[in-house]
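Please keep the model in view while reading.

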Amino acid sequence: MKTIITLTLNPTIDKSSSVDRVVPEHKLRCDAPRYEPGGGGINVSRAIRNLGGTAKTFYLAGGYDGERLRELLDAEEIDHQPVSIEGATRQNLIIYEEGTGQQYRFGMPGPEISEAEWKNCLDVLTGMDEPPDFLVASGSLPPGVPKDFYVRLARKSKEMGTKLVLDTSGEPLSLAVHKEGLFMVKPNLKELKDIAGEPAFDDESHMEKLAQEIIEDGGSEVIVMSLGAAGAMFVSKDGCERLRAPTVSIQSKVGAGDSMVAGIVLSLARGMSMKEAVRFGVASGAAAVMTPGTELCSREDTERLYEAIKEGE
């Protein structure tokens, strides 16, 4: 199988708990908290592990919570390599309201990263004796990291012969697409609109046209667009395919996007075609929403849903 590494510049420890009702100005009695490693690339590696694959995860880590993040990854038997920073790794807070079934997610900004630290991260990634076949960069940029970081990473990836998969948003995504080009991006509808500079979409054919223009301009070899409950659309130089998601009981949407990326990249590493890989990714994303809280996809659910998608087409 081809090799995969993931990168998380703004990792987190996800602290989750539950309470009967969220009420302002009152002391709320929560259940015992649960701590899990988090952040885009880390979650992709965790989902790949759940699906029976392996991916080494690189991430910035510092302070007490940086050490705790290492311990959490060790406990889950994730192959990982921290890149040390002075600032403290952040924590996010997720609260489940039992009375309504609503989930409240509080995301912290992350520590300030110095120029020396983010440049060292690039050096670590590009200094490997054996470059990976796939590099998945996922998640937001912490304070201090320049908006064109993923442009630099894309350039280095090409020099290494590595296929870069980018799952982020905003200006960092647009810059990487327009200034350097990538192997694959996974935007949602809003992110595709931002990349294309379009105020709105008329219909799916318009969306497909915009994606094809990005591909023709060298922005990405493949674009996989999340359509939520409708599944996904992927566009390449060979055309466009739409894959519908199976109907499942939704417990939590947390981790669905990371699970989808994990399913796609793992399948490509195993030698599947792009269509089959996206199909498996859609199944992985659907499997993730079936799990509560911050849990990711399970292998059993993913494989069952994958077969259901194939039979339904």
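**Reading the model**

A: The side chains of Arg46 and Glu76 meet in a salt bridge, with 2.8 Å from N to O. The model is a predicted one, in which local features need pLDDT of at least 70 and side-chain atom pairs count only at pLDDT 80 or more, while totals for chains, interfaces and linings use all residues. Residues are numbered from 1 along each chain as its sequence is written, and side-chain values use heavy atoms, with hydrogens and water left out.

Q: What is a salt bridge, and how many salt bridges does the structure hold?

A: The term denotes a side-chain nitrogen of Lys or Arg within 4 Å of a carboxyl oxygen of Asp or Glu. The structure holds 18 salt bridges.

Q: Where in the chain do Arg46 and Glu76 lie?

A: Elements are DSSP runs numbered from the N terminus: helices (H or I) have at least four residues and strands (E) at least two. Arg46 belongs to helix H1 (residues 40–50), whereas Glu76 sits in the loop between helix H2 (63–75) and strand E5 (80–84). The two residues are 30 residues apart, and the pair links distant parts of the chain. Arg46 and Glu76 are also members of a network of salt bridges that includes Arg34, Glu36 and Arg49.

Q: Are Arg46 and Glu76 buried or exposed?

A: A residue is buried under 20% relative accessible area, exposed over 50%, and partly exposed in between, using a 1.4 Å probe and protein chains only. Arg46 is buried, and Glu76 is buried as well.

Q: Which residue meets Lys209 in a salt bridge?

A: The side chain of Lys209 meets that of Glu213, at 2.6 Å from N to O. Both residues lie in helix H7 (residues 204–216), 4 residues apart, which is about one turn of the helix. Lys209 counts as partly exposed because its relative accessible area is 44%; Glu213 is partly exposed too, at 31%. A further salt bridge joins the side chains of Asp148 and Arg152 (3.1 Å, N to O). Asp148 is partly exposed at 24% relative accessibility, and Arg152 is partly exposed at 29%.

Q: How are two packed helices described?

A: The description uses the angle between their axes and the distance between the axes. Axes are lines fitted to C-alpha atoms, for helices over the stretch in contact, and angles run from 0 to 180 degrees between N-to-C directions. Here the axes of helix H6 (residues 189–196) and H7 come within 10 Å and cross at roughly 50 degrees.

Q: What orientation do H6 and H7 have to each other?

A: Angles under 35 degrees count as roughly parallel, over 145 as roughly antiparallel, 65 to 115 as roughly perpendicular, and the rest as oblique. H6 and H7 are therefore oblique to each other.

Q: Which residues of H6 and H7 meet?

A: Contact means heavy atoms within 4.5 Å. From H6, Leu189, Leu192, Ile195 and Ala196 meet Met207, Leu210 and Ile214 in H7. By class, this contact has 7 nonpolar, no polar and no charged residues. The classes are nonpolar (Ala, Val, Leu, Ile, Met, Phe, Trp, Tyr, Cys and Pro), charged (Asp, Glu, Lys and Arg) and polar (the others, Gly among them).

Q: What does Leu227 touch, residues up to four places away in sequence not being counted?

A: Leu227 touches Leu189, Glu204, Met207, Ala232 and Met233. Leu227 lies in the loop between strand E11 (220–226) and strand E12 (232–236), and counts as buried because its relative accessible area is 16%.

Q: Where is Ser174 found, and is Ser174 buried or exposed?

A: Ser174 is in helix H5 (residues 170–179) and is buried, at 15% relative accessibility. With residues up to four places away in sequence not counted, Ser174 touches Asp194 and Ile195.
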